Amino acid sequence: MEITRVSSGRHRRPRVVLLVSFLILAAAAAGYWYWASAPEPARAARPPARIPAPVSVAVVTRQDRPVFATGLGTVQASSTVRIHAQIDGKLQEVLFTEGQHVKKGDVLAKIDPRLFQAALDQAKAKKAQDAAMLIAAEKDLVRSKSLASRDFGSQQNVDQQQAKVDQLKASIVANEAAIETAQTQFDYTTITAPSDGRIGIRLVDAGNLVRASDSGSIATLMLTRPSAVVFTLPARLLGEVRRALARGPVEVTAYDQDNRRALSTGMLLLVDNAVDQASGTIRLKAMFANDEDELWPGESVNARLLLETRNNVLAVPPTAIQRGPQGLVAWVITANNTAEPRVIEVGPTAGNLVIVTSGLNDGERVVIDGHYKLARNAPVTITTSASVASGGAK
């Protein structure tokens, strides 16, 4: 009986050990699960430090800023003349070189003049003939008057002779008109430049027959010094442009198509007399001296018109302005290097800057790059600082 009890106790002991081990493991697992699912403050007494956001800033300063309006325009020659023949004839000579600068009165081409010279000579000969007949008729009139005064001739003869003299005088006047016409036709055989300018590509060669009725020209002459730029602006700027003209000459600068390089500077000549209702724009014309031929007829340019200069204003780069729920916002860096959103109001664009009318103070630092990492009172680290006045990083 004793042997049986001893054997049964030995078999129960491992089972108890296993049960106790299982309970210990279960308690440990439950504790770990409870700790893992607990709120963040329960696991850590202090939150981790926030990493400063890297930003680029610009220091705002007061300055005088010009206000511009920019529109797309096209260069036009101040005068364009298509060189045509004014008479019919054979083009005898072409005396210009394509692309040549010519002066007013320079001979460009010649038409065969022989027929026109003959017509001129004929008109002069007819005048000489009538002049000789007039001299004879005047002498006959004198004799007729002398005979009539002594009752040897009738008054009728005197009147007929007077009519003949008057008729010859009228013929001479007509002859002079015919000579002038023939001389003009003869002068048209020499084609001269009507103004200074640059001659274009030759379209008719010597030896061809040209007519006054031809639709095509021999060449085109363009006066490019000075040149004009015709450009458009939104109609809402009409009042500002007119006020600028009332103050005095308005400066216009022509830039290349990339709007980077200034080509020439001129003055606004006029504003068109009507607004284009279809596009809601106004057309303007500016004149440029163009002494260096930087402007070429037909070229597309950007015309930048100086509306006014605003004195002692605050301006920021466009990248400093963000749009938020309350309107336009600029992120300002405080003295302890934290970010603070500031609601601002802006005015017109002045060159590459935007004028700020309220919300910022002189000397404050505004963020121009790195906005996406910012929050109110978030710490920042400044990677680049630029001056708004100079536009350069420092």
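Student: Which residues does phenylalanine 231 touch, not counting residues up to four places away in sequence?

Tutor: This is a predicted model, in which local features need pLDDT of at least 70, side-chain atom pairs count only at pLDDT 80 or more, and totals for chains, interfaces and linings use all residues. Residues are numbered from 1 along each chain as its sequence is written, and side-chain values use heavy atoms, with hydrogens and water left out. Contact means heavy atoms within 4.5 Å. By that rule, phenylalanine 231 touches Gly71, Leu72, Gly73, Val252, Leu268, Ile282, Arg283, Leu284, Ala286, Ala303 and Leu305.

Student: Which residues have the most contacts inside the largest nonpolar core?

Tutor: A nonpolar core is a set of buried (under 20% relative accessible area, 1.4 Å probe, protein chains only) Ala, Val, Leu, Ile, Met, Phe, Trp, Tyr and Cys residues joined through side-chain atoms within 4.5 Å. The largest one has 26 residues, and those with the most contacts inside it are Phe231 and Leu305.

Student: Which strand supplies the largest share of this core?

Tutor: Strands are DSSP runs (E, at least two residues) and helices likewise (H or I, at least four), numbered from the N terminus. Among the elements that each supply at least two residues of the core are β2, β9 and α5. The largest share, 5 residues, comes from β13.

Student: Is threonine 334 buried or exposed?

Tutor: Threonine 334 is found in the loop between β15 and β16, where it touches Glu340 and Arg365, not counting residues up to four places away in sequence. Because its relative accessibility is 19%, threonine 334 counts as buried.

Conventions: Buried means under 20% relative accessible area, exposed over 50%, partly exposed in between (1.4 Å probe, protein chains only).
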